[in-house]
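Good morning, colleagues. I would ask you to keep the model on the screen in view while I speak.

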Amino acid sequence: MIPTNYYILLSAILFGLGIVAFVFKRNIITIFMAIELMLNAVNLAFVAFSKAHVAQGGQADGEVFVLFVIIVAAAEAAVGLGIIILTARNRRSLNVESVNLLKL
Amino acid sequence: MSAQMVIFFVLAIIAVLGAISLILQRHPIHSALSLIVVMVALAGLYLLMGAEFVAAVQIIVYGGAIMVLFIFVIMLLNAGEEERTNVSRLALYAGVPLAVAVTGMIAAAILNSRAAATAPAALTSTRDLSRLLFTEFVYPFELTSFLILVAILGAIVLAQREN
């Protein structure tokens, strides 16, 4: 039996690494991958909490939430990668620092 | 240390190493492959917890569909190595301390909490999950079909060339 705390701690570590990747990476595709990493970390926490809830006689609501998160992530990936293709076509670069039209 | 514990730590270390590798790799395709490692390790953890359906969906949708989309775009755009520019001062002085602080606070909250119930390895049957999905969560479920429809339209509109 593995305590739920361990899973939540792992989830927090993965989420933190996702934030670091999001802040540090310069490539727009890799930044998008960092967002997926954070979503995965949250999914892990959802499943762990769902299991703890089921152990106390509840329903497996958390696992249903995970399915919804995965659906939203898939929709997000489709639209986000479309935007990335457009940006790359217009800016001729994948570096986020070249996307500065809104900057003063 | 039970066998479950050993499997948990092995998978957790693989996941964390994959995430670190995602940050350190400079080529986007290597980052994508590292992310696949993380996702497969997480699917293993879901199986360890007994969430078999979620584990299968994780492999099929995340490891299969979404990452193939990523790799497809990387190859379509012929993305090369990341240019190592100076990280902006905002990222260095605000972003990293923020990330460390967020992780630290979450970890402290978890470690200070009373030991939560141990995650049992009992299987959530796919039947229970689908019953929940099609009764209690049927409206959100139907809404996601609209979401996917809008996402498809958005992707087509975004990706087409203007003539």
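Angles under 35 degrees count as roughly parallel, over 145 as roughly antiparallel, 65 to 115 as roughly perpendicular, and the rest as oblique. This is a predicted model, in which local features need pLDDT of at least 70, side-chain atom pairs count only at pLDDT 80 or more, and totals for chains, interfaces and linings use all residues. Residues are numbered from 1 along each chain as its sequence is written, and chains are lettered from A and ligands numbered from 1 in the order in which they are written.

I begin with one helix pair. Helices α1(A) and α1(B) pack at an angle of about 10°, their axes 9 Å apart; axes are lines fitted to C-alpha atoms, for helices over the stretch in contact, and angles run from 0 to 180 degrees between N-to-C directions. The two helices are therefore roughly parallel to each other. Among the residues that meet here are A:Y6 and A:F24 from α1(A), and B:F8 and B:I23 from α1(B).

Turning to the whole interface, 63 residues of chain A are in contact with 68 residues of chain B, contact meaning C-beta atoms, placed from the backbone, within 7 Å. On the chain A side, α3(A) gives the most, with 22 residues.

Finally, α2(A) has 28 residues. Of these, 21 are buried, so α2(A) is largely enclosed by the rest of the structure; buried means that 20 or more other C-beta atoms, placed from the backbone, lie within 10 Å of a residue's own. Just after α2(A), A:G57 takes a positive phi of about 90°.

Definitions and conventions. Contact = placed C-beta atoms within 7 Å. Helix = DSSP H or I, 4+ residues; strand = E, 2+ residues; numbered from the N terminus. Expected span 1.5 Å × (residues − 1). Buried ≥ 20, exposed ≤ 12 C-beta atoms within 10 Å, placed from the backbone.
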